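Biologist: I would like to learn how to read a sheet and a chain contact in a model. Where do we start?

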Amino acid sequence: MSWLRIRELVRKEFIQLFRDKKNRPLLIIAPFVQLLVFGYVLSTDVRDVRVGIVDQSRTRESRLLMDALNANRTFRITQYTNHPKELDEVLLRRKVDLALKIGPDFSERIRKGNSAPVQILADGSMSNMASLRIAYTSLVLEGFNQRMIEERFKQRLDYGKIDARIRTWYNPNLDSRNFFVPGIVAILIMILSLLLTSMAIIREKEAGTIEQLIVTPLRPIELILGKTIPYIIITQTLMIIVITFAIVWFSLPLKGNFFLLIAAACLFLLSTLGIGLFISTISATQQQAMMTTFFFILPFFMFSGFVFPIASMPTVIQWLTYLNPLRYFLVIIRGVFLKGVGMEILWPQFIAMMVLGLIVFISAVKRFRKRLD
Amino acid sequence: MPGYANNPPRNSHFPQAEVPAVHLQDVSKHFGSIEAVNHVSFHVVGGSIVGLVGSDGAGKSTLLRMIAAMVRPSSGTIQIHGLDAASHKTGIKPLIGYMPQRFGLYLDLTVEENIEFFMDVFGVFGAERAKRKERYLGFSNLLPFIDRLAGALSGGMKQKLGLACVLAHEPKVLILDEPTNGVDPVSRQEFWGILGQMRQEGMAILISTAYLDEGEQCDQLVLMHKSRVLEVATPEAVQSHYSSLEEAMIHRIQEVDEGLMHEQFGL
């Protein structure tokens, strides 16, 4: 193996990559646009819930309930009507996210010491958002109840009661951006490395240069290294830039060791570059390679726990996700970013990713070599 | 033949080396049930040009690819300077230069970057580099276009750059697969001028061509038809009493086809 030849291959690859004007937006603009778009758009946070209200009671108590809702930063009462039908209408037209109906006997029941029903209508077509909104509403009502009881009985009622003091660790404000942005870094690395490697080899196939290279003393392993090293360098550089940008722009906390992330990315690249090589052996044109790449990207994305929690998937699919390198990389990247954990916690993920990466890469190299001979 | 008058004169007698540069012994290749090359034997000595001529689909390209060690023969042996092509693949690669019909240039690299890349791959370093770049690009009149992208060259210039890239590691054996197909007459003449010079320097050149005026420039012709070699002889001997090489070849091929018909149908 001649490192000199590999170095020249890498240099040629860089010249070609930066000479092609089409590559510049792909390499420089696309990562930032994706980070910004995903960073702002991908969010499951419940904020600014628009509430519509029908108050048929019109008493001090019903006004107190509305005040309690309005006082909460999450809720905003945007519709106030007298007709329950009208309320159904605005919910249907998505003018409000949540509808509250206070019956005429609301205050009367409270004053008599009975429980007073309040109807809450939520838009269930967005099921995950609806359940979160309902949960938030219950919290507000809980507080309201507490106040009412205190007002009526003027005595301490909290003895012999569990007092739950909840602290959320690692992401105290439950900011979903902190959850998504590190994942986006992983997704970016995956897409870029897959696409760039397969394209780089297919380009030589299409131009007929790969046939020319076969008759030179260049060995298959040198060709593979010459074709993958540039993309290792590029994706790692992009990762550093994108992470820095995420920390500065989204004020993402990086609690753990940055170099651990780099090491994890190297192991992750073993898998993606291997798949990129594999794609290049089964595709003849750049279009084919592009289609095949997306065929791989989608399941990796879906079954990684990036958006949809693995724990909610059917058991068989859960087992399949163990074959997904992105799954491990996400655990590592989130662990390092938010929890600040190191090797002592993440070693199973590192080992899984290494084993998976080695298997994928070595079999891809074998297939690639066979194709060259 | 007009146009080639200023080429260096062909060697009147063959320079006989002890070991032929290319030696084929009973070489066959079949892809499944299809015979591409059928029991072919001939040799090429240094300082000579051997032309591979014949009908389309005769197996010329497969034969050349086998000699370039890109395809392994099904049976028979190919030796390059005494080295077996199948078992000494790495050993023979520096000895050969192979140029297909469409040379795989990097169209997004410049003329200079292309030739430098091939020198890098073949390990040509130091003072030799500048010398060879000058020499082989000079041969092909490409020095004024050194900074031009290969993609912006004309067809003939691309082929000449391909030849320069193949020659840059100074191979002992040059294998050319219809290199002048679709190239204008002037560029073809220049191309053959370079080949003539290489022959004088002792290179063994094996070239397949569809142009029979080029066939006449060769020292030996190998006439192939339907995966077999019909004749290995000098252009004069192939032409024999016919008025042109073309006529002689057509006649020979028709003869064989008729013979096959008789065999098959008992006519």
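Modeller: With pairing: two strands pair if DSSP finds at least two bridges between them. Helices (H or I, at least four residues) and strands (E, at least two) are DSSP runs, numbered from the N terminus. In this predicted model, local features need pLDDT of at least 70 and side-chain atom pairs count only at pLDDT 80 or more, while totals for chains, interfaces and linings use all residues. Residues are numbered from 1 along each chain as its sequence is written, and chains are lettered from A and ligands numbered from 1 in the order in which they are written.

Biologist: Which residue in S3(A) stands opposite A:Gly52?

Modeller: Strands of a sheet pair through backbone hydrogen bonds, either parallel or antiparallel. Here A:Ala99 stands opposite A:Gly52. Strand S1 (residues 49-55) and strand S3 (residues 98-102) of chain A pair in the parallel sense, over five bridges.

Biologist: In what order do the four strands of the open sheet in chain A lie?

Modeller: The order is S2-S1-S3-S4, with mixed pairing. Strands S2 (75-81) and S4 (118-122) of chain A are the edges, each pairing on one side only.

Biologist: How many residues does each chain give to the contact?

Modeller: Two residues are in contact if their C-beta atoms, placed from the backbone, lie within 7 Å. Chain A gives 17 residues and chain B gives 20 residues. On the side of chain A that touches chain B, H1(A) supplies the largest share, six residues.
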